[in-house]
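Here are a few friendly notes to read alongside the structure. Take them one at a time, with the view open beside you.

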Amino acid sequence: MKKNHIATSVQNAIAQPTHTMEPVVNMKNKQRGAMLLDNMIAAGFVAVVLIGIVASIPKISYMMNLTEFQKQEAEIASATVSWKKKRSNFTGVSMKTLCDRQLVSKSICGTAGDGKLSNPFGGDWTVTGVGGHYQVTATLTNLDGETGRLWDVADSMAPSTRLQCSSADVCGSITGAGTKTLIMVH
């Protein structure tokens, strides 16, 4: 009989849950709330980072366009000098001529092959020969109303012009600073 009593006690202990297990279940419920709070904090952090990235997109885009603008203008200047070869002056040079002779890339020539609507700021490139020098004119269509950036573009381009000025403020070889048309004399 003693054997039966022990077996029954063991079976009862296995079949019935003990009260010590119940607080563990409650603890798990409390942990679920903490995990939710952790997730909310992480989501908030991610949201703040994303807002910062989205807010900086216009500045990054402008800087990339400015770099491409400088690169394109340098390519046009180099192609114009290459076009001159042994000619006595730059009279007769144009974007159409440079594009027809494939002296500049197709991205600068644009769809019509004349430099229209092809600069990074959505404007045109124009080259005009004036005696012993030439002018590269750029329209900055996408910067209408952004005077600060127009001045920044002009200041960035001033060192590459004929007089190699440090600023567009008092430079005789760059005109149109602060406007949507920039004329650079080389």
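1. Start with β3 and strand β4 (residues 181-185), which pair in the antiparallel sense over two bridges. Within this pairing, Ile-174 stands opposite Met-184 in β4. Please keep in mind that the model you are viewing is a predicted one.

2. Now step back to the whole sheet. Four strands make it up, in the order β1-β2-β4-β3; the sheet is open and its pairing antiparallel. At its edges are β1 (125-130) and β3 (174-175), each of which pairs on one side only. As background, strands of a sheet pair through backbone hydrogen bonds, in either a parallel or an antiparallel way.

3. Next, look for the helix that lies across β3 and β4: this is α5 (residues 147-157), and it runs at about 10° to β4.

4. You will find Phe-121 in the loop between α4 (106-109) and β1. Is Phe-121 buried or exposed? Its relative accessible area is 2%, so Phe-121 counts as buried, the cut-off being under 20%.

5. What is Phe-121 in contact with, leaving aside its neighbours within four places in sequence? The list includes Tyr-62, Asn-65, Leu-66 and Phe-69, and also Leu-140, Thr-141, Asn-142, Leu-143 and Val-153. Thr-139 is 18 residues from Phe-121 in sequence, and their C-alpha atoms are 7.8 Å apart in space.

6. Finally, turn to the surface. Phe-45, Val-46, Val-49, Leu-50, Ile-53, Val-54 and Ile-57 form a nonpolar patch there, and together they have about 660 Å² of accessible area. One of these residues, Leu-50, is found in helix α2 (residues 22-84).

Terms used: Residues numbered from 1 in each chain as written. Predicted model: local features only at pLDDT ≥ 70, side-chain atom pairs only at ≥ 80, totals over all residues. Heavy atoms only, no water. Pairing = 2+ DSSP bridges. Contact = heavy atoms within 4.5 Å. Axes fitted to C-alpha atoms, helices over the stretch in contact; angles between N-to-C directions. Patch = residues over 30% accessible without salt bridge, like charges linked within 9 Å, V, L, I, M, F, W, Y side chains within 5 Å. Areas by Shrake-Rupley, 256 points an atom, 1.4 Å probe, with all protein chains shown as cover. Salt bridge = Lys/Arg side-chain N within 4 Å of Asp/Glu carboxyl O. Buried < 20%, exposed > 50% of the residue type's maximum accessible area, 1.4 Å probe, protein only.
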